[in-house]
Amino acid sequence: MTMGSCEHLQEYKTTHGTNSFRIIHTYFIACSSADARRRKAKSCVCHTCRLHGPRLHACLNCIYFGCYGAKHIHEHAETKGHHLAVDMVHGAVYCFECGDYMYDEQLEEIARKQYTKSKKGIGLRANFSSWEPNEVEIEILRQNPKRRKVEIKSSIGLRGLINLGNTCFMNCIVQALTHTPVLRDFFLSDQHSCQVLSQDARQCLVCEMSRLFQEFYCGARTPHIPYRLLHLVWTNARHLAGYEQQDAHEFLIAALDVLHRHCKGYSDNILLSYNSQLNAGTSDSNGSGNPHHCNCIIDQIFTGGLQSDVTCQQCNNVSTTIDPIWDISLDLGPGPPAGGSSNSNSSPNSGFTNSPGTYEPTSLLECLKRFTKPEHLGSSAKIKCSTCSSYQESTKQLTMKKLPIVACFHLKRFEHSTGYHKKISTYVSFPEELDMTPFMSSSRNNTNGYNNQVIQESSRGLSCDNKYSLFAVVNHMGTIESGHYTCFIRQLKDQWFKCDDHLINKALPGDVLNSEGYLLFYHKQILEYD
């Protein structure tokens, strides 16, 4: 490469400017948006041989892409007299008159800006550079010559939490969040960029969570005292303030909400974007792939899309809405069998309804079947049908339009009815691996049921993108008036530990699966990147 601009490139810039180079670099080299990447995949072919390379070059004077190896770009330059072309892999400008690539500071600056914009678009904040420790880090390395390795018997990430007075509900949620793989990777790779003013940075809950991850994975064995986290939770969620026992599920939703609000300023990164499926063939009132209109790390991991289909009983017109959810709350109360015995080939909506009755589900799958069962709204809840232009009886069915990376299932064990309150201690079994395919909107057929083929394939262990693995379980021991929360977390593939405030003990998979279960955390096995 010639370290300088030749007279032909200078003459071109004087006559035509740099706009052509900027357009080519934006849409076919840096590709700073998903739309640009799709355009590049579709359009980057040689206009002569129609092949995708090798070494495509784009003419700076006209719309022509040509192979460098097959000399098609050379033929174009000689025929048309267009002697400048851009390498569509590296963005370097080639001059056919000089027979070399040219270095031009102005074009390099344009390329740098486009690459920076592209990196922000996929969640990267800076160019890679090898780590050079500063003086403080050199001193830390000198004081700690022994290096820790993550092995099968490794205890890195396992750390107890001191109970600050009925704060076991908080400790369990913190243990579950710190062992959420994608969230852990986000904070340990220092991707949080605080948007709070420096004087208020100590009030940022996301910064505190980042510090908490550092505390958990620094290798320390002594229990951590989460007093700063508790203070920030009390500050941002006043209804949880005080030393009374709180509900772990309520704390989880409040914590995600506060983290979401504090993260929202850094929502321009798109680490894991597979939300485009939301709008395919539906009238999503939210109008975007992400129901929260936010790409912060909390929404990327926990937000799912719940589809509600209301069907008119008169004309079968279907009205569809999609709402964002952070968890799925499942009733454990009684509901009657729909008649007939259920079998392995039955659809999820057979056997259970949302109506009161005597039957209680005994597994997570049965709870999900009842959750996605079409429900007759009755004559007292008529809706106005847009097709009939009158109020009609209808049925309502809930299904999952978009699955989150982490699916949290809340088993509603605390029942609050008029005149009495009680805890439902029914044992509900839950699997280590869960396939959500039967409960997706795409599995729903035109008669408000499900395709039996999907259920049959799922029961045989269908390998699909909708499978989840269990990684945390929060349990409640005691009554509705008083009790204690504990948590099981998965450290490695088959290694489970029981977290009881400051105590961490090894557990067997059987201990986890036989526990009562209040909050169940599942992580998607296959992640999709845009």
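Student: Which residues of α13 are buried?

Tutor: Buried means under 20% relative accessible area, with a 1.4 Å probe and protein chains only. In this predicted model, L364, E366, C367, L368, R370 and F371 of α13 are buried. That's six of the eight residues in the helix, which spans 364-371. Helices here are DSSP runs of H or I with at least four residues, strands are E runs of at least two, and both are numbered from the N terminus.

Student: What covers the buried residues of α13?

Tutor: Count contacts, meaning heavy atoms within 4.5 Å. The cover includes β6 (304-312), β8 (328-331) and β21 (519-524).

Student: How do I read helix packing, say at what angle α2 and α3 cross?

Tutor: Two packed helices are described by the angle between their axes and the distance between the axes. Axes are lines fitted to C-alpha atoms, for helices over the stretch in contact, with angles from 0 to 180 degrees between N-to-C directions. Here α2 (19-30) and α3 (34-43) cross at roughly 80°, their axes coming within 7 Å. They're therefore roughly perpendicular, a label for 65 to 115 degrees. T26, Y27, F28 and I29 of α2 meet A36, R39, K40 and S43 of α3.

Student: And sheets: which strands are at the edges?

Tutor: Strands of a sheet pair through backbone hydrogen bonds, either parallel or antiparallel. Pairing needs at least two DSSP bridges. The open sheet here runs β2-β1-β3-β4-β5 with antiparallel pairing, and its edge strands are β2 (65-67) and β5 (100-102).

Tutor: Some bookkeeping: residues are numbered from 1 along each chain as its sequence is written. Local features need pLDDT of at least 70, side-chain atom pairs count only at pLDDT 80 or more, totals for chains, interfaces and linings use all residues, and side-chain values use heavy atoms, leaving out hydrogens and water.

Key. Buried means under 20% relative accessible area, exposed over 50%, partly exposed in between (1.4 Å probe, protein chains only). Angles under 35 degrees count as roughly parallel, over 145 as roughly antiparallel, 65 to 115 as roughly perpendicular and the rest as oblique.
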